[in-house]
Amino acid sequence: MFKVKKAQKREQQGKETRQKHKARSKQALDNPHNSKLRRDPGIPKLDNLKTRIMKREESDQQRQLNLAQKRNLFLSQAEKLSQKTKKPKEEKDDILGHDAAVANRRWFFKELKKVVEASDILLLVLDARDPLGCRCAEVEKLIQTQVTNDGIPKRIIFVLNKIDLVPADVVATWVKYLRREQPTIAFKSSTQHQKNKMSQQSIKRLPTSSDSSRLASSACIGASALLELLKNYSRSHNMKKNLTVGVIGYPNVGKSSIINSLK
């Protein structure tokens with residue numbers, strides 16, 4: 001009996017609470033201003049929205065303009081500072097580079113004069129691929145104005161090196177052309193590295209296409225003709241002392257290989 005009364009009482013309370021909730025929700029619908037629900041803002045006024053957007057864009061543009069002005073000012077100041085610091089250094093480098101080039105030219109000319117003064121005959125090495133490009137008129141004039149200790153004018157011999165790199169008819173044409181001015185020897189240095197296996201082949205005539213096998217070999221060509229020419233020069237001037245021969249030429253024309261082939 002006691003339990004039934006409690007159940008009825010809870011049911012009665014539940015009905016009352018439900019009725020209260022219904023009444024509150026109905027009141028909220030009737031009076032939306034007094035309710036706690038979020039009110040729909042509706043459509044905003046376009047005029048106010050446009051003005052706010054325009055103000056915001058203007059402020060952004062002004063901010064970007066200020067940043068750009070500050071950046072340009074900073075870059076201009078940095079450029080001026082870099083020019084002030086780099087200009088003396090660049091001028092110093094140019095001066096040092098010019099002085100180094102002048103010093104190198106003086107050193108080369110000094111060494112050339114030493115070789116010319118100490119030699120009786122000068123071998124001017126020419127690359128068969130470009131003989132005229134390997135010549136220097138000033139050096140040839142300097143040699144022709146010099147005389148030996150015996151009062152004999154110093155001579156120049158053209159050594160047309162690397163004849164194996166051009167056709168034989170081209171070599172023959174160049175030798176005939178150069179012999180109009182100075183004695184000329186067609187030469188091919190030995191390509192053998194062993195000192196005790198170096199060999200020399202004597203060719204008394206100009207190389208032709210039939211000598212392709214000899215040109216392709218590792219033996220030296222033209223050494224005997226060059227030595228014979230030097231001996232004839234010594235005998236013609238009755239030189240009793242040893243003959244001093246200097247070797248000159250542009251870089252990479254084969255001066256060292258010629259000297260090693262003649263040893």
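This is a predicted model: local features need pLDDT of at least 70, side-chain atom pairs count only at pLDDT 80 or more; totals for chains, interfaces and linings use all residues.
**Entry 1**

I placed Ser-261 in helix α7, which covers residues 255-262. Is Ser-261 buried or exposed? Its relative accessibility is 4%. Buried means under 20% relative accessible area, so Ser-261 counts as buried.

**Entry 1. The whole chain**

I next turned to the overall make-up. I recorded seven helices and six strands in the protein. Along the sequence they follow the pattern α-α-β-α-β-α-β-β-α-β-α-β-α. How many of the 263 residues, as a percentage, count as buried? I noted 25%. The protein exposes about 20200 Å², and carbon and sulfur atoms supply 54% of that area. I then considered contacts between residues at least 6 apart in sequence; of these, 75% join residues at least 24 apart.

I examined helix α4, residues 168-178. Its buried residues are Ala-168, Val-171, Ala-172, Val-175 and Leu-178. Why do they lie on the same side of α4? They cover an arc of only 135 degrees around the axis, and therefore they share one side of the helix. The face turned away from this buried side carries the exposed residues Asp-169, Thr-173 and Lys-176. Against which strands do the buried residues of α4 pack? I found β1 (121-127), β2 (155-161) and β3 (184-186).

I also looked up Val-170, which lies in α4. Val-170 has a relative accessibility of 32%. The C-alpha atoms of Val-170 and Ala-128 are 8.7 Å apart in space, although the two residues are 42 apart in sequence.

I followed the chain into the loop between α4 and β3, where I located Gln-182. Gln-182 counts as buried, because its relative accessibility is 13%. Which residues does Gln-182 contact, leaving aside its neighbours within four places in sequence? I listed Gln-144, Arg-155, Ile-156 and Phe-158.

**Entry 2. The largest pocket**

Rolling a probe the size of a water molecule over the atoms shows where empty space is left. The largest pocket has a volume of about 600 Å³. Which of its 19 lining residues are the closest to its centre? They are Phe-108, Leu-112, Ile-248, Gly-249 and Tyr-250. The elements that give two or more residues to the lining are α2 (46-118), α3 (137-144) and β6 (245-248). I noted that α2 supplies the largest share of the lining, with seven residues.

**Entry 3. Positive phi values**

Most residues other than glycine have a negative phi. I looked for exceptions and recorded two of them. Where does Lys-162 lie? I placed Lys-162 in the loop between β2 and α4; its phi is near 60 degrees, a positive value in a residue other than glycine. Asn-252 lies in the loop between β6 and α7. The phi of Asn-252 is near 65 degrees, also a positive value in a residue other than glycine. I looked up the surface of Asn-252 as well: its relative accessible area is 68%, and therefore Asn-252 is exposed.

**Entry 4. Lys-231 in helix α6**

I found Lys-231 in helix α6, residues 223-236. At 47% relative accessibility, Lys-231 counts as partly exposed, because exposed requires a value over 50%. How many residues apart along the chain are Lys-231 and Leu-243? They are twelve residues apart, and their C-alpha atoms are separated by 8.8 Å.

Notes: Residues are numbered from 1 along each chain as its sequence is written. Side-chain values use heavy atoms; hydrogens and water are left out. Helices (H or I, at least four residues) and strands (E, at least two) are DSSP runs, numbered from the N terminus. Buried means under 20% relative accessible area, exposed over 50%, partly exposed in between (1.4 Å probe, protein chains only). Contact means heavy atoms within 4.5 Å. Accessible areas come from the Shrake-Rupley method with a 1.4 Å probe; for residues, only the protein chains shown count as cover. The arc is that of the directions from the helix axis to the C-beta atoms. On a 1 Å grid over the protein atoms alone, a cavity is a set of points where a 1.4 Å probe fits but cannot get out, and a pocket is an open set with protein on both sides within 12 Å along at least five of seven lines; lining residues have an atom within 4 Å of a point. Grid points are joined across faces, edges and corners, and a volume is the space filled by probe spheres set on the points.
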